[in-house]
Amino acid sequence: MENKVKRGIRPCNGRSIAICVITFLLAVVLLSLAITANENTFKFLFVILDVAWIILGVLLLVIYTYGYNSPIYIDAQSLSQKRFGKIIIFDYNEIDKVIFKQSMFLKVPPIISLCCKKQKIAFELTSDILDEISAVCSCDDMLVKINKIIRDNSL
């Protein structure tokens with residue numbers, strides 16, 4: 001039990017913050033358009049769009065907080081994540097493939113996805129997460145796969 005990360009690591013902070021901030025900024029823009037619109041029809045349209053964007057922003061915030069960006073716990077044998085109330089546990093030896101994805105639209109770190117039995121745990125490729133995994137992980141094969149992806153993509 002001493003080889004376990006006590007705190008959870010938020011795997012996708014950059015994406016979560018960027019998408020939620022963009023959504024709420026668009027809501028502010030729509031609100032300002034509603035305030036400055038001259039005709040009542042446009043005001044009503046901008047208010048309806050603003051309410052829809054605010055609902056979308058709150059929904060995205062909840063999805064990212066309890067789903068995709070819920071904390072990952074790392075120990076010597078496995079990775080675990082509680083996503084939408086369901087606990088996903090991967091043993092390092094059971095990982096089928098490692099997938100690399102990089103966003104063309106957002107300036108955020110690339111994502112590494114570890115897949116096992118049609119499920120995956122994804123995390124941003126940051127030095128904090130890599131340091132935690134390499135310090136605690138006992139499976140050299142998975143670390144080699146991750147380092148190969150980093151080397152192949154010149155990161």
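Over how many bridges do strand E4 and E5 pair, and in which sense? The close-ups below take up this pairing and other parts of a predicted model.

**View 1. Strand E5 and its partners E4 and E6.**
Strand E4 (residues 97-101) and E5 pair over 5 bridges, in the antiparallel sense. Phe100 has Ile112 as its bridge partner in E5. E5 also runs antiparallel to E6, and 6 bridges join these two strands. Here Ile112 takes part again: its bridge partner in E6 is Phe123.

Are the residues of E5 buried or exposed? In E5, 6 of the 6 residues are buried, so the strand is largely enclosed by the rest of the structure. In a regular strand, side chains alternate between the two faces of the sheet. Ile111, Ser113 and Cys115 point one way from E5. Ile112, Leu114 and Cys116 point the other way. Both sets are buried.

**View 2. Ser113 within strand E5.**
Ser113 is found in strand E5. Its relative accessibility is 2%, so Ser113 counts as buried. Which residues does Ser113 contact, leaving aside its neighbours within four places in sequence? They are Lys97, Val98, Ile99, Lys120, Ile121 and Ala122.

**View 3. The turn between E5 and E6.**
The hairpin of E5 and E6 has 2 residues between the strands. Lys117 takes a positive phi near 50 degrees in this hairpin. Lys118 is found in the loop between E5 and E6. Lys118 also has a positive phi, of about 65 degrees, although it is not a glycine. Most residues other than glycine have a negative phi. With a relative accessible area of 88%, Lys118 is exposed.

**View 5**
Strand E2 (residues 78-83) is mostly covered, with 5 of its 6 residues buried. E1 and E2 run antiparallel, joined by 3 bridges. Tyr73 has Ser80 as its bridge partner in E2. A hairpin of 3 residues joins E1 to E2. E2 and strand E3 (residues 86-91) run antiparallel too, joined by 6 bridges. Gln81 finds its bridge partner in E3 at Ile88.

**View 4. Phe84 in the E2–E3 hairpin.**
Phe84 is found in the loop between E2 and E3. The hairpin of these strands has 2 residues between them. Which residue takes a positive phi near 55 degrees in this hairpin? That residue is Phe84. Phe84 is not a glycine.

**View 5. Ser70, a buried loop residue.**
Ser70 lies in the loop between helix H2 (40-68) and strand E1 (72-74). At 2% relative accessibility, Ser70 counts as buried. What does the side chain of Ser70 reach at 2.8 Å? It reaches the backbone oxygen of Lys82. Not counting residues up to four places away in sequence, Ser70 touches Ile9, Arg10, Pro11, Tyr64, Thr65, Gln81, Lys82 and Arg83.

**View 6. The buried side of helix H3.**
The buried residues of helix H3 (residues 127-136) are Ile129, Ile133 and Val136. They cover an arc of only 85 degrees around the axis, which puts them on the same side of H3. An α-helix has 3.6 residues a turn, so residues three or four places apart point the same way. What covers the buried residues of H3? The cover includes E1, strand E6 (119-124) and helix H4 (140-152).

**View 7. Leu61 on helix H2.**
Leu61 is found in helix H2. With a relative accessible area of 41%, Leu61 is partly exposed. Leu61 and Thr23 are 38 residues apart in sequence. In space they are 9.7 Å apart, C-alpha to C-alpha.

**View 8. The largest pocket.**
Rolling a probe the size of a water molecule over the atoms shows where empty space is left. The largest pocket has a volume of about 290 Å³. Its lining is made of 15 residues. Of these, Cys12, Tyr68, Ile111, Lys120 and Ala122 lie nearest its centre. Which elements give two or more residues to the lining? They are helix H1 (13-36), H2, E2, strand E5 (111-116) and E6.

Technical notes. Residues numbered from 1 in each chain as written. Predicted model: local features only at pLDDT ≥ 70, side-chain atom pairs only at ≥ 80, totals over all residues. Heavy atoms only, no water. Helix = DSSP H or I, 4+ residues; strand = E, 2+ residues; numbered from the N terminus. Buried < 20%, exposed > 50% of the residue type's maximum accessible area, 1.4 Å probe, protein only. Polar contact = N/O pair within 3.5 Å; in protein donor to acceptor, adjacent residues only side chain to side chain. Contact = heavy atoms within 4.5 Å. Arc of directions from axis to C-beta. Pairing = 2+ DSSP bridges. 1 Å grid on protein atoms, 1.4 Å probe; cavity = no way out; pocket = protein on both sides within 12 Å on 5 of 7 lines; lining within 4 Å. Points joined across faces, edges and corners; volume = space filled by probe spheres on them.
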